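Colleague: I would like to learn how to read this fold. Could you take me through the sheet, the helices and the packing?

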Amino acid sequence: MTDRVVAGVGASSTAPIDDIVDAILTVVGADRTLVSVATIDTKADVLAPVAAALGVSSTSWTAEQLNRVSVPNPSARVRRETGTASVAEAAAVLGSGGGRVVTPKTNIGAVSIALACAAD
């Protein structure tokens, strides 16, 4: 059975859109269906064309909202840079409507991707 997933995305300001799309596709793989992408609100303008290229919707969340989510891999560096200990994992959870993380944060170059099961 194919899992429907939401990809949480964290990326450096220098990550090209094509690299973000490629990272998402790599992590999602062929056995899952991507239904949405999610990130921190300060990256919403970067994620919109990514979502369009993938044919899915996008959501964004404030650092405060992301910071309320318990995640398996919090990062002190990410907290210093964004105000939250997690972007990819927390955004995946919030974007999925509270689904469980099925793929923890995976770093590919300047991009971090995490997947959470989408709520039905």
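Modeller: Start with a strand pair. Strands of a sheet pair through backbone hydrogen bonds, either parallel or antiparallel. In this predicted model, β1 and β2 pair in the parallel sense over 6 bridges. Across that pair, V6 stands opposite S36 in β2. The chain gets from β1 to β2 through α1, and this β-α-β crossover is right-handed.

Colleague: How many residues of β2 are buried?

Modeller: The count is 7 of 9, so β2 is largely enclosed by the rest of the structure.

Colleague: In which sense do β2 and β3 pair, parallel or antiparallel?

Modeller: Parallel. Strand β2, residues 32-40, pairs with β3 over 5 bridges. V37 has S58 in β3 as its bridge partner. T39 has S60 in β3. Here the chain crosses from β2 through α2 to β3, and the β-α-β crossover is again a right-handed one.

Colleague: Which strands does α2 lie across?

Modeller: Helix α2, residues 44-54, lies across β1, β2 and β3. Its direction is at about 165 degrees to β2.

Colleague: Now the whole sheet. What is the strand order?

Modeller: The order is β3-β2-β1-β5-β4. This is an open sheet of 5 strands, with mixed pairing. β3 (57-61) and β4 (101-108) stand at the edges. Each has a single partner strand, so one side of each is left without a neighbour in the sheet. From one strand to the next, the twist averages 25 degrees.

Colleague: How should I think about the side chains on a strand?

Modeller: In a regular strand the side chains alternate between the two faces of the sheet. Then ask what packs there. The largest nonpolar core has 21 residues. Touching the most other members are I20, I24, L34, V37, L54, V111 and I113. At least two residues of this core come from each of β1, α1, β2, α2 and β5. α1 supplies the largest share, 6 residues.

Colleague: Which residues of α5 are buried?

Modeller: A88, E89, A90, A91, A92 and V93. Helix α5 spans residues 88-95 and is mostly covered, with 6 of its 8 residues buried. The cover over those buried residues includes β1, β2, β3, α3, β4 and β5. After α5 comes G97, whose phi is positive, near 80 degrees.

Colleague: What does the side chain of S112 make a polar contact with?

Modeller: The side chain of N107, at 2.4 Å. Leaving aside neighbours within four places in sequence, S112 is in contact with G8, V9, G10, A88, K105, T106 and N107.

Note on methods: Residues numbered from 1 in each chain as written. Predicted model: local features only at pLDDT ≥ 70, side-chain atom pairs only at ≥ 80, totals over all residues. Heavy atoms only, no water. Pairing = 2+ DSSP bridges. Helix = DSSP H or I, 4+ residues; strand = E, 2+ residues; numbered from the N terminus. Axes fitted to C-alpha atoms, helices over the stretch in contact; angles between N-to-C directions. Contact = heavy atoms within 4.5 Å. Right-handed = clockwise from strand over helix to strand, strands pointing away. Core = buried A, V, L, I, M, F, W, Y, C linked by side-chain atoms within 4.5 Å. Buried < 20%, exposed > 50% of the residue type's maximum accessible area, 1.4 Å probe, protein only. Polar contact = N/O pair within 3.5 Å; in protein donor to acceptor, adjacent residues only side chain to side chain.
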